[in-house]
Amino acid sequence: MTLFRTMMLSAIATTGLSSAASAQEAMTLDQKVNEVFAAVTGPFVSLIFAPIPGTSFPWIVMWLVIAASIFTIYFGFVQFRFFGHAIGLVKGDYSDPNDAGEVSHFQALATALSGTVGLGNIAGVAVAVGIGGPGATFWMILAGLLGMASKFTECTLGVKYRNEYEDGTVSGGPMYYISKGFKELGLPGGKFLAVMFSIFCILGALGGGNMFQANQAHAQISGIVGDYPGWITGIVFAAVVFSVIVGGIKSIANVTEKIVPFMGILYVGAALIILLVNYDKIGWAFGQIFGGAFTGLGVAGGFVGALIQGFKRAAFSNEAGVGSAAIAHSAVRTKEPITEGFVSLLEPLIDTVVICTMTALVITISQQLIVDPATGLYVLNEAGSSIATVGDVSGVALTSAAFGSAIGWFPYVLAIAVVLFAFSTMISWSYYGLKSWTYLFGEGKNSELTFKIIFCVFIVIGAAASLGPVIDFSDAAIFAMAVVNIFCLYFLMGLVKKELISYGSRLKAGEIRKFKH
């Protein structure tokens, strides 16, 4: 572990020194890093995102969807049976202020949501709809509903096996429930799998949860105010992020409980205005979604293309099964682990079923996707790889154009949402990476401060550099977390079933009481 830590610190120091070089030298260095890093990590990235033989369906997405389906059936459609109770828990109806933990149910939900609700909801959905057509939305919603059961499973275990310390702080997540749960069941390999998960989580936090967010936020800001050096954005973001994360999970929760509802209302509100302006097309849009889900409506890949893009977007957006959210939910104040499982199942609903669907509806209803008036089918681009769009745009530019089609200044609202989404994702993933770091290197203020400084340095690097393969590798690391996590959940889900049966019977008997606040 000491060697690993030393290597990481050396890498940070080297990178920090290189940033002082001239712009031309930095470009050259970026290119060298790209070339070397791609050669070393390329096989790992290709393995994680490889398609199932004979298809274009990434096996990692199928891994997540199958797990979500199994958990849904095994727990008797828990996401629907206990949905009302989950709402009550978030409202604080059952919260005992004397329970161990650091944050409320609502704060834990907001912190976890801030880690999943991000640029994928804006840019990723646009890519999915652009390739799979509006029909991808149907499969995205279905995968989101199934993913609620995965979140329930992992977050229940996160609280059940967390470490509670004398000063009131807690540490939890897959690394703890894997090592402790396997030991309790007498299974070998728990410690090794926990270490593997922690390493992947640190790499994912520094890349996909940090550098990518800073990079895309800078791109959106510079697209509006004009081009300027990325390190300026990086330093501003790093300063703000550090001021929040230095206070720990309570500080992060205090920020996310305010920013997540605000950014959600801002984005969904803007989307609703566009839908109201185009109210006469709402019925048509839903027809496109349901028709495209089963026929493809002539889009790239047809019905299968719509299904793949929908499932892929949901899996990449809500991270159900990845295990990241269990780290945030482990900090909740409760003596009943299962209650946080109920609260966490709301995440995929909000992230995928509501916010992602809003993006898809706005793109569809604003008619940015070109339709052949003679056949009513979508027109493919010259390459035949996706649907042709007005202005030949894709990703976040397509979403921006869809918002701007109704009200000219709406892209500015979208820019604010992008910055907020990026910021909230970074502060949440800083906590995920931190808890994995302290699992490997031990608890303590010095250990925590070391990681927080490293994390903020990577914000500046991410905003200033263009390190494509590094981002690809970190994304692969995030989904490698899911490989380890879900593998272990299959062994541990029986423990969750016992918790569910016990709590359900006590709730039905009236033994679970409400508290007045």
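Residues are numbered from 1 along each chain as its sequence is written, and side-chain values use heavy atoms, with hydrogens and water left out. Because the model is predicted, local features need pLDDT of at least 70 and side-chain atom pairs count only at pLDDT 80 or more, while totals for chains, interfaces and linings use all residues.

A cavity here is a set of points, on a 1 Å grid over the protein atoms alone, where a 1.4 Å probe fits but cannot get out. Lining residues have an atom within 4 Å of a point. Grid points are joined across faces, edges and corners, and a volume is the space filled by probe spheres set on the points. Two cavities of 30 Å³ or more are counted.

The largest cavity holds about 110 Å³ of space. Its lining is made by Leu-64, Val-65, Ala-68, Ala-143, Leu-146, Gly-147, Phe-311, Ala-314, Ala-315, Asn-318 and Ala-320. Helices are DSSP runs (H or I, at least four residues), numbered from the N terminus. Three of them, α3 (59-74), α8 (136-160) and α14 (302-318), each give at least two residues to this lining. The largest share, four residues, is from α14. By class, the lining has nine nonpolar, two polar and no charged residues. Ala, Val, Leu, Ile, Met, Phe, Trp, Tyr, Cys and Pro count as nonpolar, Asp, Glu, Lys and Arg as charged, and the others, Gly among them, as polar.

The second largest cavity has a volume of about 40 Å³. Ile-245, Gly-248, Ile-252, Ser-430, Tyr-431, Leu-434 and Lys-452 line this space. Two or more residues come from each of α12 (248-277) and α19 (410-441). The largest share, three residues, belongs to α19. This lining splits into four nonpolar, two polar and one charged.

Now follow α19 to a helix partner. The axes of α11 (residues 230-245) and α19 come within 10 Å and cross at roughly 45°. Axes are lines fitted to C-alpha atoms, for helices over the stretch in contact, and angles run from 0 to 180 degrees between N-to-C directions. Angles under 35 degrees count as roughly parallel, over 145 as roughly antiparallel, 65 to 115 as roughly perpendicular and the rest as oblique. So α11 and α19 are oblique to each other. Contact means heavy atoms within 4.5 Å. Phe-237, Val-240, Val-241, Val-244 and Ile-245 of α11 touch Val-419, Phe-423, Met-426, Ile-427 and Ser-430 of α19. These residues divide into nine nonpolar, one polar and no charged.

Return to α8. This helix packs with α13 (residues 282-295) at an angle of about 85°, with their axes 6 Å apart. The pair is therefore roughly perpendicular. Thr-137, Phe-138 and Trp-139 of α8 meet Ile-289, Phe-290, Ala-293 and Phe-294 of α13. Six are nonpolar, one is polar and none is charged.

The other partner described here is α17 (residues 346-365). Its axis and that of α8 come within 8 Å and cross at roughly 165°. The two helices are therefore roughly antiparallel. On the α8 side, the contact includes Thr-137, Gly-144, Gly-147 and Lys-151. On the α17 side, Glu-347, Pro-348, Cys-356 and Ala-360 are among the residues met. By class, this contact has nine nonpolar, five polar and two charged residues. Gly-147 is also one of the residues lining the largest cavity.

Notes
1 Å grid on protein atoms, 1.4 Å probe; cavity = no way out; pocket = protein on both sides within 12 Å on 5 of 7 lines; lining within 4 Å.
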